[in-house]
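This report walks through one predicted model. It takes the sheet, then selected helices, then the nonpolar cores.

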Amino acid sequence: MYFELAGKKVRLLAAAVAAFIIIFVAAHYKLYLDPELDLEHGYALFIVSMIGGVGAGLLIAVRSRVDERYKMLANTVLFFVLPIFSMQMVECFNDKFIWNFSVKTGLANYIIYLTLYLICYLITGRYHMTGLIVNIFLYVWSLINYFVELFQGTPFLPTDILTIRTGLNVADGYTYDLSWNILLGSIIFFLIYLFNRRSVSVKPKKKKYKAASKLAAAAYLAVILISLYTTDFAANMGYKPDFWNQARGYHKTGSFFNFVLNTKYLIVQKPTGYEASEIADSMEETLIEAGVDPDGDTSVNLLTGENDYTASEDGETPNIIFIMNESWADLSNLGDLETNEDYMPFIRSLTENTIKGYVTVPVFGAGTSNSEYEALTGNTISFLPAGCNVYQSYLDSETPSLVSTLTSLGYSQTALHPYYRSGWNRESVYSLLGFTDFISLENIVDEDILDTYQKNSNVIEYENLLKDRYEDGDEMLLRRFISDSYDFKLIEEMYEESDDDEPFFVFNVTMQNHGGYTISYSNFYQQIYTTNLSTSYTKANRYLSLVKETDSAFEELIDYFSNVDEPTIICMFGDHLPSLETEFYEELMGADLDNLTTEQEMLRYETPFVIWANYDIEEAEVEHISANYLSTLISQTAGLPMTEYNKYLAVLYQTLPVISTVGYVDADGVCYSASEENPYTDILLRYNCITYNCLMDDENREDSLFYLEVP
């Protein structure tokens with residue numbers, strides 16, 4: 001390879017381009033050095049951008065020549081190197097640099113970029129055209145992702161493509177400012193263009209080599225695409241979307257890489273033999289097989305299995321408070337656990353007018369919204385792709401739920417979550433589930449205080465601001481989250497201010513026990529610790545102390561509604577177990593977490609639940625139930641009319657009281673892994689078809705089955 005200068009006119013053009021870039025960057029140096037951006041390498045980025053201007057001039061002014069013998073090799077090497085530069089261009093818009101990635105993450109990103117290159121190469125057959133098309137696409141995608149995150153606080157997701165028209169309608173309402181990301185990303189894009197224009201497609205002279213090159217590319221694509229879309233290989237390697245905070249996932253492991261990972265969760269296959277027109281008959285057949293007249297007044301009592309459940313004759317509609325408590329679990333359910341004192345004394349003592357037990361949820365350690373989706377709708381996520389999140393990927397139209405049923409009966413429709421409303425896409429999803437009011441942290445704490453806390457993450461300052469601003473500010477936080485005690489007081493205030501003409505309903509997702517158990521806080525007294533384990537597990541002890549606080553707060557809530565005249569039902573359950581020390585779980589369960597039996601694994605997905613009423617109800621201890629049955633159980637406990645779907649679920653419960661992402665438990669208590677053969681294939685297929693009709697096939701949904709028809 002040798003180099004030569006281009007002609008005079010080209011050299012003048014090169015000088016002009018280089019000068020323009022250097023002057024433009026210099027004129028906007030504050031974009032790199034603004035202290036508010038908190039950029040550790042601001043000066044370095046500025047210098048790199050200046051060098052990029054010089055590099056652009058040199059690439060224009062200097063031509064490279066390659067000996068014919070090495071032309072194929074040189075152009076092929078350039079083809080496989082370009083994806084690395086493409087990756088860095090994209091990550092510039094993401095405040096990330098490829099050397100910050102681990103080797104494994106960097107390789108995973110490279111594989112996806114190379115896949116994009118090879119797809120385009122198989123279509124065009126040309127190196128140069130491939131580099132041009134791919135990098136124009138990636139540059140435009142990066143700009144879209146950058147501005148979407150800037151304006152919405154969340155990155156550009158595959159599902160956003162479906163709402164592109166809405167985005168264009170509101171685009172005029174935003175201002176578009178230049179940033180160092182756009183400057184440096186654009187310079188890299190220009191450098192890639194200049195590099196790429198040197199490439200040419202050098203085709204092998206022999207046909208067998210031409211065919212071999214195409215087959216090799218096709219084989220690579222087949223392996224990658226099949227692995228990504230038909231297996232859980234990526235998820236098992238630790239790469240799946242951060243559904244709670246997509247921006248965090250994009251920044252941590254790559255923006256375009258995460259965008260591609262999200263596309264997997266758009267794909268939900270129709271169940272075998274699914275026909276929307278047959279759903280009503282299928283549900284009716286299930287009821288008839290259980291001895292229930294679909295047109296009759298009775299249905300199966302979920303807890304007794306008897307066909308004697310009827311709605312309250314006087315049409316009574318008790319108040320319903322439905323609480324999903326963040327990371328609330330009873331760790332003694334996993335093994336022999338002894339503590340210095342009981343961490344759930346009040347809830348364990350509840351027996352009168354109480355139904356309680358353990359509920360199987362679909363997630364462990366995280367994934368809150370999947371548990372609430374099951375509890376509110378009666379649908380299971382076990383038929384959906386592993387690692388998916390319904391709120392982020394699938395729920396994009398009005399969906400029947402417990403909320404819509406209660407709305408038909410005249411209930412209020414309020415959701416309460418004392419954290420940021422954008423989490424898990426709740427701001428959009430809650431209205432689709434039927435909520436008309438959503439009270440979030442932004443409604444509880446003034447915006448200026450939240451802005452200050454988000455800026456510096458100083459918990460002590462945050463707490464002091466709350467104390468100064470609010471009369472009960474010293475009671476609001478436990479660690480850095482709204483406490484369960486304060487959360488439950490908000491429910492009491494909401495009840496007192498509610499409309500007397502409609503029964504009260506609130507769905508509450510708490511925050512007190514959320515993960516992050518390593519740090520100690522001055523506002524949190526740790527009172528519980530284990531006494532029979534080989535060592536002191538810091539996270540576990542802090543977590544158990546939080547559970548004790550939840551127990552005390554729940555006692556206060558029960559005390560309050562014990563003195564309320566209106567009939568009221570309170571249901572509380574945990575969304576998932578906490579993420580604690582692996583060693584703690586292994587010692588407690590007496591087994592390596594990678595070698596648990598199905599029964600042991602399912603224990604890690606069981607959280608407590610309790611239903612209490614301030615009037616007479618039938619008491620019960622429930623050994624097995626999964627989250628998808630909770631809305632039916634609440635409806636029956638309250639004596640409410642049932643949708644056809646709730647009637648179906650009450651029947652299904654008698655055969656399979658637990659249906660989860662881990663596996664199934666039948667009426668005899670026998671556990672089956674989700675990956676093994678079981679005797680209930682036909683029953684599960686029927687349920688799969690029904691949930692598919694409810695969630696995925698909304699255009700052909702049999703609404704009369706899922707919504708309550710009130711005369």
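An open sheet is built from 8 strands, ordered 6-5-9-3-10-11-4-12, with mixed pairing. Strand 6 (437–440) and strand 12 (620–622) stand at the edges. Each has a single partner strand, so one side of each lacks a neighbour in the sheet. From one strand to the next, the twist averages 15 degrees.

Strand 10 (residues 568–574) pairs with strand 11 (residues 606–613). The sense is antiparallel, over 5 bridges. Within this pair, Cys571 has Ile611 of strand 11 as its bridge partner. Helix 23 (residues 538–562) packs on the sheet. This helix touches strand 3 (319–325), strand 10 and strand 11. The direction of helix 23 makes about 170 degrees with that of strand 10.

## Nonpolar cores

In soluble globular proteins, nonpolar side chains tend to be buried together. The largest nonpolar core here has 81 residues. Phe322, Phe505 and Phe609 touch the most other members of that core.

Phe505 touches Ile320, Phe322, Leu402, Val403, Leu406, Tyr411, Ser412, Gln413, Thr414 and Phe435, leaving aside residues up to four places away in sequence. Another core, of 69 residues, lies apart from the largest one. Its members include Leu350, Leu441, Tyr453 and Ala591.

Which residues of helix 11 (residues 246–253) are buried? They are Gln246, Ala247, Gly249, Tyr250 and Thr253. These residues cover an arc of only 170 degrees around the axis, which puts them on the same side of helix 11.

## Phe256

Phe256 lies in helix 12 (residues 255–264). The relative accessible area of Phe256 is 5%, so this residue counts as buried, the cut-off being under 20%.

Phe256 touches Val90, Glu91, Ile112, Tyr113, Leu116, Phe137, Leu138 and Trp141, not counting residues up to four places away in sequence. Trp141 is 115 residues from Phe256 along the chain. The C-alpha atoms of the two are separated by 8.4 Å.

## Helix 22

Helix 22 (residues 484–496) has 13 residues. From first C-alpha to last, helix 22 reaches 18 Å, close to the 18 Å expected at 1.5 Å a residue.

The buried residues of helix 22 are Asp484, Tyr486, Asp487, Phe488, Leu490, Ile491, Glu492, Met494 and Tyr495.

Note on methods
Residues are numbered from 1 along each chain as its sequence is written. This is a predicted model: local features need pLDDT of at least 70, side-chain atom pairs count only at pLDDT 80 or more; totals for chains, interfaces and linings use all residues. Side-chain values use heavy atoms; hydrogens and water are left out. Two strands pair if DSSP finds at least two bridges between them. Helices (H or I, at least four residues) and strands (E, at least two) are DSSP runs, numbered from the N terminus. Axes are lines fitted to C-alpha atoms, for helices over the stretch in contact, and angles run from 0 to 180 degrees between N-to-C directions. Contact means heavy atoms within 4.5 Å. The expected span of a helix is 1.5 Å times one less than its number of residues. Buried means under 20% relative accessible area, exposed over 50%, partly exposed in between (1.4 Å probe, protein chains only). A nonpolar core is a set of buried Ala, Val, Leu, Ile, Met, Phe, Trp, Tyr and Cys residues joined through side-chain atoms within 4.5 Å. The arc is that of the directions from the helix axis to the C-beta atoms.
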